Amino acid sequence: MIRALKAYVGVIDPFNRMIGRIVMYGIFVMMGILLWSSVTKVFFLPSLWTLEMAQFAMVAYYILGGPYSIQMGSNVRMDLIYGEMSDRRKAAIDAVTVVFLLVYLGFLLYGGIASTAYSLGYFGSEPISFFAGLATGSEELGFLERSPTSWRPYLWPIKTIMVIGIFLMLLQVLCELAKDILRLKGHDMGAKV
């Protein structure tokens, strides 16, 4: 079991670190979009797509950067008492409290999958079977959901990014749980941030 936990950490940690380091540069994409928005509003006819595209870029930046944030320990927590604890005690507390985060992310993932299925024209109550049907060819896309704004972009791309980001967060939280278990077993996993 120890070998499996270490192998899992060895795969998920570098993968989410790579994704996080790439997504980190999304701030420049958002800055470019908003700069273009400002320029067109002052000198030209305002672009319809800029504000909503900046919102989509922010969602992708935030949700895909979440696993990296969890990995780096830069998420918000109350350090008044926690900060003075030993690494083993931190690992024990985190191993118990992570269950609540796992449940929350599980519900969030299912809701994201259902919302993505809706955006692809599925109005039933079994979104996972809809995607399985899409993969096998027994289902087909329906009326694609669009934003109600004047630009009217399709919503399935950003909803897909959200599902991927939530899934990566779930994998990273399981990775942090594996690290906590390894710390409790006496293995050196680095200092708990």
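**Figure 1. A polar contact between Ser 37 and Thr 50.** In this predicted model, the side chain of Ser 37 makes a polar contact with the side chain of Thr 50 at 3.1 Å; a polar contact here is a pair of N or O atoms within 3.5 Å, where, within protein, one atom must be able to donate a hydrogen and the other to accept it, and residues adjacent in sequence count only if both atoms are side-chain atoms. Ser 37 belongs to helix α2, which covers residues 26–43; helices (H or I, at least four residues) and strands (E, at least two) are DSSP runs, numbered from the N terminus. With a relative accessibility of 6%, Ser 37 counts as buried, a word that stands for under 20% relative accessible area, whereas exposed stands for over 50% and partly exposed for what is in between (1.4 Å probe, protein chains only). Because the model is predicted, local features need pLDDT of at least 70 and side-chain atom pairs count only at pLDDT 80 or more, while totals for chains, interfaces and linings use all residues. Residues are numbered from 1 along each chain as its sequence is written, and side-chain values use heavy atoms, with hydrogens and water left out.

**Figure 2. Ser 47 in the loop between α2 and α3****.** The side chains of Ser 47 and Trp 36 are joined by a polar contact of 3.3 Å. Leaving aside neighbours within four places in sequence, Ser 47 is in contact (heavy atoms within 4.5 Å) with Trp 36 and Thr 40. Although Ser 47 lies in a loop, this residue is buried, with a relative accessible area of 18%.

**Figure 3. Gly 121 in the loop between α5 and α6****.** Here α6 is the helix of residues 127–136, and Gly 121 counts as buried at 15% relative accessibility. Apart from neighbours within four places in sequence, Gly 121 is in contact with Gly 142 and Phe 143. The C-alpha atom of Gly 121 is separated by 48 Å from that of Leu 80, and these two residues are 41 residues apart along the chain.

**Figure 4. Leu 105 and the largest nonpolar core****.** A nonpolar core is a set of buried Ala, Val, Leu, Ile, Met, Phe, Trp, Tyr and Cys residues joined through side-chain atoms within 4.5 Å. The largest one has 24 residues, of which Leu 105 and Leu 109 touch the most other members. Two or more residues each come from α1 (2–23), α3 (50–72), α5 (87–119) and α7 (156–184), and the largest share, eleven residues, is given by α7. Not counting residues up to four places away in sequence, Leu 105 touches Ile 166, Met 169, Leu 170 and Val 173.

**Figure 5. Segments annotated as "transmembrane region" in UniProt****.** The unreviewed UniProt entry places this annotation on residues 22–39, 51–70, 91–113 and 154–175; the positions follow the numbering used here, feature names are shortened, and annotations may be inferred rather than shown by experiment. Over residues 22–39 the chain is 89% helix and 0% strand, with the end C-alpha atoms 27 Å apart. Over residues 154–175 the chain is 91% helix and 0% strand, and the end C-alpha atoms are 33 Å apart. The protein chain as a whole has seven helices and zero strands.
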